[in-house]
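Please read the following note with the model open beside you, and check each point against it as you go.

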Amino acid sequence: MTLGPGYTKQAEEVIIALKSSMGRKFEKFTTSKIRNILAQVSEIYNDVVNEQGDVLKEEYKSRIEYLKVRLVYECGREPDVVKPFVEKAGLISLINDIGDSRQKFKDFARYMEALVAYHRFHGGKDS
């Protein structure tokens, strides 16, 4: 999976497909399930956006790797709710694709924000 200029459309399609495939389980998929992940992404983003150049520093690459660990952990913790979201959104492969690209990370962060926004827009609850 790759992100392009249409990342918001991709995000909405993911949430619509997830809502359809999860059925009633979608109600259990609350924003709080992914809030910690989004907070971690936003924290890295706030640091990365102020940096110059196209290449991520090792510190940021390490934090992004840890983000992947957190995603995998949350998938194991919530296999019926978080795992389908992570898989359908392609989050692990997108993180793997970031490498040292500052732009790819910025795109990933915006995509995560769009996923949360469309989750809420399409009836996702916050708890």
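Which helix holds both Phe105 and Phe108, and how many residues apart are they? Point 4 takes this up, after some remarks on the chain as a whole.

1. This is a predicted model, in which local features need pLDDT of at least 70 and side-chain atom pairs count only at pLDDT 80 or more, while totals for chains, interfaces and linings use all residues. Residues are numbered from 1 along each chain as its sequence is written, and side-chain values use heavy atoms, with hydrogens and water left out.

2. The chain has six helices and zero strands, where helices (H or I, at least four residues) and strands (E, at least two) are DSSP runs numbered from the N terminus. The C-alpha trace spans about 45 × 30 × 25 Å along its principal axes. A compact globule of 127 residues would have a radius of gyration near 14 Å, and the chain agrees with this at 14 Å; the radius is taken over C-alpha atoms, and the globule rule is 2.2 Å times the number of residues to the power 0.38.

3. Of the 127 residues, 41% are buried, a word that means under 20% relative accessible area, with exposed being over 50% and partly exposed in between (1.4 Å probe, protein chains only). Gln40, which lies in helix H2 (residues 31–48), counts as buried because its relative accessibility is 15%. Leaving aside neighbours within four places in sequence, Gln40 is in contact with Arg63, Tyr66, Leu67 and Arg70, contact meaning heavy atoms within 4.5 Å.

4. Four aromatic pairs are found in the whole structure; rings of Phe, Tyr and Trp (its six-membered ring) pair if their centres lie within 6.5 Å, and planes under 30 degrees apart count as stacked, over 60 as edge-to-face and the rest as tilted. Phe29 and Phe85 form a tilted pair, at 5.1 Å centre to centre with 40° between the planes. This pair links distant parts of the chain, since Phe29 is in the loop between helix H1 (7–22) and H2, and Phe85 is 56 residues apart from it in helix H4 (residues 82–89). Both Phe29 and Phe85 are buried. The pair of Phe105 and Phe108 is also tilted, because the ring centres are 6.4 Å apart and the planes are at 35°. To answer the opening question, both lie in helix H6 (residues 102–121), three residues apart, or about one turn of the helix. Phe105 is buried at a relative accessible area of 0%, and Phe108 is buried at 1%.

5. Finally, ring pairs join Phe26, Phe29 and Phe85 into a cluster.
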